[in-house]
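Hi everyone, thanks for coming.

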Amino acid sequence: MVNLIDVDLARFEELPPACQVIHHFNARRYAIVQLTEGEYGLSWQSNLIEPVVLEDALTWIGVDQKLVALRQGRIEVSLPLAFPLLEILRIDQAVIVITELEILVFNAEGSLRFTKGLPDIAANWSIEASQLSIKLLSKATVRLSLQSGKELSAMSV
Amino acid sequence: MLESAGFRIQERKFDFFFGQITSTPRNQARSLQNLEDLARLGIRVETQGRDRLMQIFAAGLTASETSPRREDEYGVTIGRTVQVESEVAKGGIEIFYLYRDGDLSSIPEVTTIIPRIYR
């Protein structure tokens, strides 16, 4: 169970830089994630947004435009995101990171399977039989194979 | 689709920018964050905020690029930032323009924005 505690800048800065795993310029919020192997710091800009945490083979944490995945005190994945994070999902052996205009799909151990740009903002999503359906703000839908990243159909995009 | 001063934008984007999207809890939070950050920068829907954003999107067409270009099957997306200041905050709005099929001489679509508060 991941324990995420809101802290102030002073407490965040007490952490060694290597443990400040998510850092944003002009941050307005700070938090500490307590895992069994130690404490990790997050800083981000969006005061109304909570970090997304997914516990799996790795512990995935994302907020605003940064994503990390940790395993037993090691950073296995650390990536800037081109667009603000919306959700992190786990299905079968895939971890799906949904941002406003891009989908990133990782294998469970942290290697990147594929990325897929979207022509419009992801409004909601569903997964069925290894297919990811993304409904866009425009109401069009993009359907992807989670295995290959290939688009199965696209309507009016 | 609205077209104005060298760019296009879907009407529904303004719902996302001004806090009206509730499609998932996280989309709702992001939409509300946009609403709040734009308000801090002095851009509110009730005080012609939509027109102000349209002016900013037009100004952004010639602003400096602030994100690496991204290319996919839909085209090339370029992020450019316009600095914005209000009585209470100083910040910038990064605007993402999609040039369909990678044709940089075509009229781009505004796909999303990221308001940022510097102080």
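**Two domains in chain A**

Okay, let's start with this: in chain A, the C-alpha centres of domain 1 and domain 2 lie 23 Å apart. Domain 1 of chain A covers residues 1-80 and domain 2 covers 81-157, with bounds that come from an automatic or database domain assignment.

A quick word on what you're looking at. This is a predicted model, so local features need pLDDT of at least 70 and side-chain atom pairs count only at pLDDT 80 or more, while totals for chains, interfaces and linings use all residues. Residues are numbered from 1 along each chain as its sequence is written, and chains are lettered from A and ligands numbered from 1 in the order in which they are written.

How many residues does the contact take from each domain of chain A? Domain 1 of chain A puts in 17 residues and domain 2 of chain A puts in 11. By contact I mean that the C-beta atoms of two residues, placed from the backbone, lie within 7 Å. On the domain 1 side of chain A, β4 (52-55), β5 (59-63), β6 (66-71) and β7 (74-80) each supply at least two residues. When I say strand or helix, that's a DSSP run, numbered from the N terminus: E with at least two residues for strands, H or I with at least four for helices.

And what sort of residues sit on that side? On the side of domain 1 of chain A that touches domain 2 of chain A, there are 11 nonpolar, two polar and four charged residues. For the classes, Ala, Val, Leu, Ile, Met, Phe, Trp, Tyr, Cys and Pro count as nonpolar, Asp, Glu, Lys and Arg as charged, and the others, Gly among them, as polar.

**The sheets of chain A**

Now, those strands of chain A make up an open sheet in the order β4-β5-β6-β7, with antiparallel pairing. Strands pair if DSSP finds at least two bridges between them. In this sheet, β4 and β7 of chain A are at the edges with a single partner strand each, so one side of each has no neighbour in the sheet. From one strand to the next, the twist averages 10 degrees. That angle is between axes, which are lines fitted to C-alpha atoms (for helices over the stretch in contact), and angles run from 0 to 180 degrees between N-to-C directions. Zoom in on β6(A) and β7(A): they run antiparallel and are joined by six bridges, and A:Val68 has A:Ser78 in β7(A) as its bridge partner.

There's also an open sheet of three strands in chain A, ordered β1-β2-β3 and again paired antiparallel. Here β1 and β3 of chain A stand at the edges with a single partner strand each, so one side of each is left without a neighbour in the sheet. Neighbouring strands of this sheet are turned by 25 degrees against each other on average, direction ignored. Five bridges link β1(A), residues 3-7, to β2(A), residues 29-35, and A:Asp6 is partnered by A:Ala31 in β2(A). Then β2(A) pairs with β3(A), residues 38-44, over seven bridges, and the hairpin joining β2(A) to β3(A) runs through two residues. Two pairings to look for are A:Arg29 opposite A:Trp44 and A:Val33 with A:Tyr40.

Find A:Ile61, in strand β5 of chain A. Is A:Ile61 buried or exposed? A:Ile61 counts as buried, because it has 27 C-beta neighbours inside 10 Å. The cut-offs are 20 or more other C-beta atoms within 10 Å for buried, 12 or fewer for exposed, and partly exposed in between, with C-beta atoms placed from the backbone. Leaving aside neighbours within four places in sequence, the contacts of A:Ile61 include A:Val33, A:Leu42 and A:Val68.

**Over to chain B**

Chain B has three helices and six strands, and along the sequence they go β-β-α-α-α-β-β-β-β. Of its 119 residues, 38% count as buried. The contact between the chains takes 26 residues from chain B and 20 residues from chain A. On the chain B side, α2(B) gives the most, with seven residues. That side divides into 10 nonpolar, eight polar and eight charged residues.
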